[in-house]
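Today I am looking up salt bridges. I want to know which side chains pair and how buried they are.

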Amino acid sequence: LLEMVAGDFVLPVTIAMNSHFLTVQAAGRRMAQAGSGAIVTLSASATALSARDRKWHKTGGFGVACAAIEELSRSFAGELGPHGVRVVCLRSDAISETWSPEHRDEGSPTKIWMDGGSLLGSLPTLQQLADAAAFAASDRASAMTGAILNVTRGSVMGIG
């Protein structure tokens with residue numbers, strides 16, 4: 001952060017806010033007219049990193065963008081709730097399946113470090129994230145709105 005130019009810092013915030021705002025707004029308008037629906041947004045653990053990880057990861061504006069996504073989700077939940085529309089945000093940790101092969105290999109220092117920060121000993125998979133999204137959007141989660149679901153396999157404990 002000390003060396004970063006302001007434009008580089010705000011870029012992930014701007015992209016995240018524009019894309020999430022426009023998408024949720026468009027879907028929310030249609031769902032509000034229909035009187036029901038569920039919108040699922042996606043954040044990341046960068047908004048709730050441990051002290052160890054804040055020293056190691058240099059997230060720049062990405063953590064701020066994730067926090068903004070979570071707040072945007074709660075704000076839309078407040079506006080859309082009276083229209084029967086739910087908004088739930090998933091907070092995932094890194095998905096190692098998306099990393100380059102030299103980092104996702106089981107013996108790589110990155111994979112060992114990242115898995116070691118999880119209470120369950122590994123990071124979430126794409127399938128686990130998809131399962132959480134399907135649940136959040138389903139009628140089985142009909143009591144949830146304005147919630148931030150922790151899909152980090154214990155690398156982040158609690159919400160907030």
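**Notebook: charged pairs**

I began with R74 and E71, whose side chains meet in a salt bridge at 3.4 Å, N to O. My rule for a salt bridge is a side-chain nitrogen of Lys or Arg within 4 Å of a carboxyl oxygen of Asp or Glu. The model is predicted, so I noted its limits: local features need pLDDT of at least 70, side-chain atom pairs count only at pLDDT 80 or more, and totals for chains, interfaces and linings use all residues. Residues are numbered from 1 along each chain as its sequence is written, and side-chain values use heavy atoms, without hydrogens and water.

R74 and E71 both sit in helix α3, three residues apart, about one turn of the helix. Helices are DSSP runs (H or I, at least four residues) and strands are too (E, at least two), numbered from the N terminus.

Next I checked exposure: buried is under 20% relative accessible area, exposed is over 50%, and partly exposed is in between (1.4 Å probe, protein chains only). R74 has 36% relative accessibility, so I call R74 partly exposed. E71 has 40%, so E71 is partly exposed.

Then I looked up E70. Which residue forms a salt bridge with E70? The partner is R91, with the closest N and O atoms 2.7 Å apart. This pair links distant parts of the chain: E70 is in helix α3 (residues 62-80) and R91 in strand β2 (residues 85-92), 21 residues apart. Both E70 and R91 are buried.

K111 is buried at 6%, whereas E106 is exposed at 58%. Salt bridges with shared partners join E106, K111 and D115 into one network.

My tally by this rule is four salt bridges.
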